[in-house]
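Trainee: I have a model open and want to learn to read it. Where do we start?

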Amino acid sequence: IALSKSVKNFPFSAWDLLKQVNIPILLLWGKLDRLIPPTFAQDLAETNPQITLKLLDNLGHCIHDEAPALFHQIFFDWQKSH
């Protein structure tokens, strides 16, 4: 809880930063994320047309730990196309 409260007091927001990025961004998000819901990811993805959002079934907050092979496969496939 303390971490989430401190983020609100940061001098910048993810939305402000993402609007300024001019390179392709891959945003992977677990559909079962209970810490930060997928609707948050959808809102972030709408801030910049460079963002490719992939919502992943049956995964939660730590997709790279829960399904490392899938995480790497998606990332490397995306990287090859950009």
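Mentor: We take the strand pairing, then two residues. Keep in mind that this is a predicted model.

Trainee: In what sense do β1 and β2 pair?

Mentor: Look at the direction of the strands. Here β1 and β2 pair in the parallel sense, over 6 bridges. From β1 the chain passes through α3 to reach β2, a β-α-β crossover that is right-handed.

Trainee: Which residue in β2 stands opposite Gly-30?

Mentor: Leu-56 is opposite Gly-30. Gly-30 itself belongs to strand β1, residues 25–30.

Trainee: Is Gly-30 buried or exposed?

Mentor: Use the cut-off: buried means under 20% relative accessible area. Gly-30 has 2% relative accessibility, so Gly-30 counts as buried. Beyond four places in sequence, Gly-30 touches Pro-38, Leu-56, Leu-59, Gly-60 and Ile-63.

Trainee: Now a loop residue. Where does Thr-47 lie?

Mentor: Thr-47 sits in the loop between α3 (38–45) and β2 (51–56).

Trainee: Why does Thr-47 count as buried?

Mentor: Apply the cut-off again. Thr-47 is buried because its relative accessible area is 18%, and the limit is under 20%.

Trainee: What does Thr-47 contact outside its sequence neighbours?

Mentor: Setting aside residues within four places in sequence, Thr-47 is in contact with Trp-15, Leu-18 and Lys-19.

Trainee: And which backbone oxygen lies 2.6 Å from a polar atom of the Thr-47 side chain?

Mentor: That of Leu-44.

Definitions and conventions: Residues numbered from 1 in each chain as written. Predicted model: local features only at pLDDT ≥ 70, side-chain atom pairs only at ≥ 80, totals over all residues. Heavy atoms only, no water. Helix = DSSP H or I, 4+ residues; strand = E, 2+ residues; numbered from the N terminus. Buried < 20%, exposed > 50% of the residue type's maximum accessible area, 1.4 Å probe, protein only. Polar contact = N/O pair within 3.5 Å; in protein donor to acceptor, adjacent residues only side chain to side chain. Contact = heavy atoms within 4.5 Å. Pairing = 2+ DSSP bridges. Right-handed = clockwise from strand over helix to strand, strands pointing away.
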